[in-house]
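Me: Could you take a close look at one part of this model for me? I'd like to hear how the helix packing works there.

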Amino acid sequence: MSLLEIQDLRVNYGGIKALKGISFTVEEGEIVTLIGSNGAGKSTTLKAISGLLKPAAGKIMYGGRDITGLDAQQTVDQGVVLVPEGRKIFPNLTVLENLKIGAYLRSDKGKIQQDLERVYDLFPRLKERSWQKGGTLSGGEQQMLAVGRALMARPRLLMMDEPSLGLAPLVVQDIFKIIGEINATGTTVLLIEQNASAALKLARRGYVMVTGEINLEGSGSDLLANPSVQEAYLGSQSRRHARL
Amino acid sequence: MSFSTFIQHCLTGISLGGAYALISIGYTLVYGILLLINFAHADIFMMAGYFMIFAMASFPWQVAIPIVILATVVLGVVIERVAYKPLRNAPRMSVMISAIGVSYLLQNLATYLFSALPQGYPTIPPLKKVIQLGSVTTSLVTLITPVLTILLVILLMLLVRHSKFGMAMRAVSKDFETSQLMGIKINRVVSYTFAIGSALAAIGSILYFTDRMSVTPFSGTMPGLKCFVAAVLGGIGSIPGAMIGGFIIGITETFLVAFGYSTYSDAVTFLFLIIILIVRPTGLLGEELTEKV
């Protein structure tokens, strides 16, 4: 049984059909990536899974249970955690509060403290800045905070929306390395990226989305080698990121 | 003006300011969370005045005060549920219009139910107790109001800064969607915010009307506007700002009246509004508004 199984998911934004019936699966322990250009429906997919958007039709099965149409609070409680596009850390909360609010629904104080230590081990910078307001951090630090905050919810399925957006190449490299480490500890990752080559190198499998539909799927390496993918999404990027 | 009259006016001003401060906090809290100027807040305050009249008709003041606070909280939360919650994703202007509608609804409802004639506000015996401080004579309410206001503000700030709920409030005030992703129930946070604002308005109304002695369906309008100005003056969204704004306006108003310029006392309040909007639009303690990206 897959950890996440999307069946014929359709989402409308006003009159626009943002998702026209997509289906895909994510197995426990995998890193799966959705790639595609702007407006392909990648973010919409993640928002629908996390409950921020209500699907018009289709099914979202998670751990064998139907979670279609649940609220964000309920999906988070079940371990489906989204790191939103643009990081969206709380600028008026301290770094420590940002991390604590990630564990908002948990009441196991001792374990929350353990997880906090774990996040601080993963991102020592955050520990140094724990009393600073989130808004004073640099872009890369904010991304680390957003990932750390998500980890505080003990995700079983960690969904990341464009973690590399607006970050310097070196920082992107760090973030991707950490996504790999998080995955190695058993957390399943569903990753959306415009930086397709980096995502495909990291992911076991990938899906290519075009205007609300999935039109290609395969292993990360197959998609990397696929000529149409190279032409459409890698292009000059593949050369730029060849060094990564 | 003799020294003792001066002190007398100071006390009256601080006391009026305290009542204003408690009402201003309701504006500032709701604005902080929903970016909504809750025009109905003034009328919630007015309704609290009527609740007291009815509560005191059948209960002693010790029972009446909690009843009034509870009834006002229920009114505030119900208004939010009925008039604002369905518009959560609507443009801000729609919610504002809904708030103006609720304001008129409450005023007209009060006129219909209680008539437009002033109703005598009941006397709460301990608040009216006369106190002699040297050559200054004052009632206990004048002394209690500022102390109670500052105490409540400190409690509220502790709640906002150091409790888990306060953390959720601050998160919701910045970003609804991301707060939901943390598992925060937005509607619950909003309801509690209205509950707190309404409870403070109820306490403010008891302190305010005890001095004024009567309530009409329009008793809320002018103090409501002034308290909104106080909230803007202090920096809307800031709790200590609202308190400071309330005190500034209360004291200024009292002294204008004392010097014989009572005709201008309302005008000066709005002059403050204009000046602060020109000179420092974020208010005394308000933070710079950064556009959400």
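Reply: Here's a walk through the helix α9 of chain B and the two helices packed against it. Keep in mind that this is a predicted model.

Let's start with α7(B), residues 164–174, which packs on α9(B), residues 186–212, at an angle of about 105°, with the axes 10 Å apart. Angles of 65 to 115 degrees count as roughly perpendicular, so that's the label for α7(B) and α9(B). On the α7(B) side you'll find B:F165, B:A168, B:M169 and B:V172, and they meet B:I186, B:V189, B:Y192 and B:T193 of α9(B). By class, that contact has seven nonpolar residues, one polar and no charged.

Now for the other partner, α3(B), which spans residues 61–84. Its axis and that of α9(B) come within 8 Å and cross at roughly 140°, so these two helices are oblique to each other. The crossing of α3(B) with α9(B) is right-handed. From α3(B), the contact draws on residues including B:I65, B:V68, B:I69, B:T72 and B:G76, as well as B:E80. Among those on the α9(B) side are B:V190, B:F194, B:A195, B:S198, B:A202 and B:I206. The residues here split into 14 nonpolar, five polar and one charged.

Notes:
Residues numbered from 1 in each chain as written. Chains lettered and ligands numbered in written order. Predicted model: local features only at pLDDT ≥ 70, side-chain atom pairs only at ≥ 80, totals over all residues. Axes fitted to C-alpha atoms, helices over the stretch in contact; angles between N-to-C directions. Helix = DSSP H or I, 4+ residues; strand = E, 2+ residues; numbered from the N terminus. Parallel < 35°, antiparallel > 145°, perpendicular 65-115°, else oblique. Contact = placed C-beta atoms within 7 Å. Nonpolar A, V, L, I, M, F, W, Y, C, P; charged D, E, K, R; others polar. Left-handed = near helix turned anticlockwise from the far one by under 90°.
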